[in-house]
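The sequence and structure come first.

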Amino acid sequence: MLRLTALILLFIGGLQGYGQDRKGYYQAEIGGGVTADRLPFWLHTNTFGKITNDTYLWGTVGVGTPFSKSDTRAFDYSFGFEGTGALGRKEHRIFIDQLYGRVRWQNLILDLGIIKPEIVYDGLSSTNGDMLYSTNSRSMPGINLQTQDFIKIPWIGKWVSFKARYGEYLMIDDRYAGNRTRLHHKMLDIRFTIIPQLSIEAGLDHYAQWGGETEKDGKLPTSFKDYARVVLIKAGGGDAPENEINKLGNHIGNEFLKIRKNRYNNERWGAEFYYDHIFEDGSGEKFRNRPDGLYGLYFTRKKNFKWFKSFVYEFYYTKCQSGPFHNDPVSGEVVGGNDNYFNNGIYQSGWTFYGQVIGSPFFTPKPEEASGITRGVLNNRFYAHHLGICGDLPGDIRYKLMMSYSLNYGTHSVHFINKNGEYTTKPQFSWGLELIAPDTKLPFHTALNVGFDKGDLLKNSFGIMLKIFKTGFF
């Protein structure tokens with residue numbers, strides 16, 4: 001981590017001499033939460049891991065410079081830093097939220113370091129529009145090459161275009177597979193423009209955890225040949241663990257579809273339907289786990305949006321998982337079920353980072369062990385409804401309302417059990433409201449958050465959070 005930080009700082013320092021007239025930005029925030037036991041779900045969820053359910057005071061500072069040139073084809077650069085200190089009932093934390101350098105040229109962007117994902121759908125989505133990679137956890141250090149805009153395909157570019165992403169990251173938290181588990185990522189998104197007002201996107205998102213070291217299997221394969229096997233989703237070599245005979249690493253993917261009403265002739269509203277189909281192995285990739293996935297609808301008003309600007313409705317279903325058994329309990333034949341989303345036998349910390357689920361926060365992580373290690377998720381079978389609404393109130397006060405209901409089943413292997421030893425379900429309702437006052441009378445913005453949880457999955461709780469923040473340019 002120190003070597004990566006030094007490399008980023010050297011990169012940023014070299015760029016500073018390239019342009020002396022660009023603007024820099026700053027941001028600062030301090031906040032605190034009051035609750036009897038733990039912060040409610042919508043007071044700590046999707047805060048990039050900055051706020052956990054036991055946080056009662058935190059502060060964040062950040063500086064940087066955005067891309068400055070209006071000509072997106074010209075060479076440009078951006079860099080930034082953001083750090084957080086947080087006090088909690090169980091532990092106090094100081095960490096780096098962001099430390100990055102970015103270079104843009106033509107239609108390509110190269111990212112190096114720790115950088116947060118861009119927030120979409122006005123921050124109303126429960127998973128930032130991506131079932132696998134939300135804003136719920138801290139970001140990982142790495143390197144990423146992506147297209148900035150869609151690239152038109154020759155001859156048919158009016159109707160068909162694409163964008164892509166390719167990245168490599170390090171999972172630097174304390175994990176079951178320790179010693180720097182690696183994460184490979186690639187994405188391809190193809191857009192079909194039927195008419196100027198309507199476009200359809202379809203694509204594939206693929207992640208793979210590999211490398212690292214476990215007490216049982218020792219050091220896991222990390223050669224260049226092994227990397228090629230991971231990228232191409234091939235079987236491991238002779239030194240691979242027995243569980244990785246079919247493919248090396250822990251692979252997880254998302255086949256997605258988006259139908260978008262584009263802005264055209266200054267129209268007053270926009271809308272988008274999005275669907276994420278999650279898969280962990282070949283059975284899921286072949287849709288044998290249907291109807292599992294995320295189904296979402298986003299609507300926004302472009303003008304005259306007093307009181308109501310946008311809303312998001314999302315429905316999750318993850319109960320199928322290609323059936324309850326991976327191996328037939330009678331014949332022993334592999335049937336490809338029990339996909340066990342976000343869990344893995346070798347990479348037992350699963351799809352978590354610093355104790356937070358990387359994907360949708362409706363997947364419930366297991367409590368941290370005494371060693372500080374999280375061993376995956378305890379609840380990945382559920383259906384859930386989520387509604388988010390935002391707008392402006394009198395006095396230029398912005399509001400955001402988040403409401404969710406889920407019915408939770410545990411996992412196919414470990415069901416929730418009632419006091420009589422019978423299989424049971426755990427309903428959960430969570431609600432959160434944010435009010436943000438502008439900086440017209442005070443030299444900073446003020447935000448008040450109120451939330452509560454009621455159900456059997458999380459402890460019933462009520463909490464209030466107050467924060468002040470300031471952003472600007474220099």
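A residue is called buried when its relative accessible area is under 20%, exposed when that area is over 50%, and partly exposed in between. The model discussed here is a predicted one. L297, with a relative accessible area of 38%, is therefore partly exposed, and its place is in strand 15, which covers residues 293-301.

L297 also belongs to a nonpolar surface patch of about 630 Å², which it makes together with F192, I194, I195, L198, I259, F273 and Y313. Strand 9 contributes three residues to the nonpolar patch, the largest share.

**Strand pairing**

| Strands | Sense | Bridges |
|---|---|---|
| Strand 8 and strand 9 | antiparallel | twelve bridges |
| Strand 9 (residues 181-195) and strand 10 (residues 198-210) | antiparallel | 13 bridges |
| Strand 10 and strand 13 (residues 250-261) | antiparallel | twelve bridges |

L198 in turn stands opposite K261 in strand 13, and both I195 and L198 are among the residues that make the nonpolar surface patch.

In soluble globular proteins, nonpolar side chains tend to be buried together. The largest nonpolar core in this model has 34 residues, and M140, F342, W351 and F363 are those with the most contacts inside it. At least two residues of this core are supplied by each of helix 2 (41-44), strand 8 (160-171), strand 14 (269-279), strand 15, strand 16 (310-317) and strand 21 (382-393). Strand 21 provides three residues, the largest share of this core.

What is F363 in contact with, leaving aside its neighbours within four places in sequence? The contacts of F363 are M131, T318, Y341, F342, V357, V377, N379, N380 and F382; F342, listed here, is also one of the residues with the most contacts inside the core.

Methods. Residues are numbered from 1 along each chain as its sequence is written. This is a predicted model: local features need pLDDT of at least 70, side-chain atom pairs count only at pLDDT 80 or more; totals for chains, interfaces and linings use all residues. Side-chain values use heavy atoms; hydrogens and water are left out. Two strands pair if DSSP finds at least two bridges between them. Helices (H or I, at least four residues) and strands (E, at least two) are DSSP runs, numbered from the N terminus. Patches are made of residues with over 30% relative accessible area and no salt bridge: like charges are joined within 9 Å, nonpolar side chains (Val, Leu, Ile, Met, Phe, Trp, Tyr) within 5 Å. Accessible areas come from the Shrake-Rupley method with a 1.4 Å probe; for residues, only the protein chains shown count as cover. A salt bridge is a side-chain nitrogen of Lys or Arg within 4 Å of a carboxyl oxygen of Asp or Glu. Buried means under 20% relative accessible area, exposed over 50%, partly exposed in between (1.4 Å probe, protein chains only). A nonpolar core is a set of buried Ala, Val, Leu, Ile, Met, Phe, Trp, Tyr and Cys residues joined through side-chain atoms within 4.5 Å. Contact means heavy atoms within 4.5 Å.
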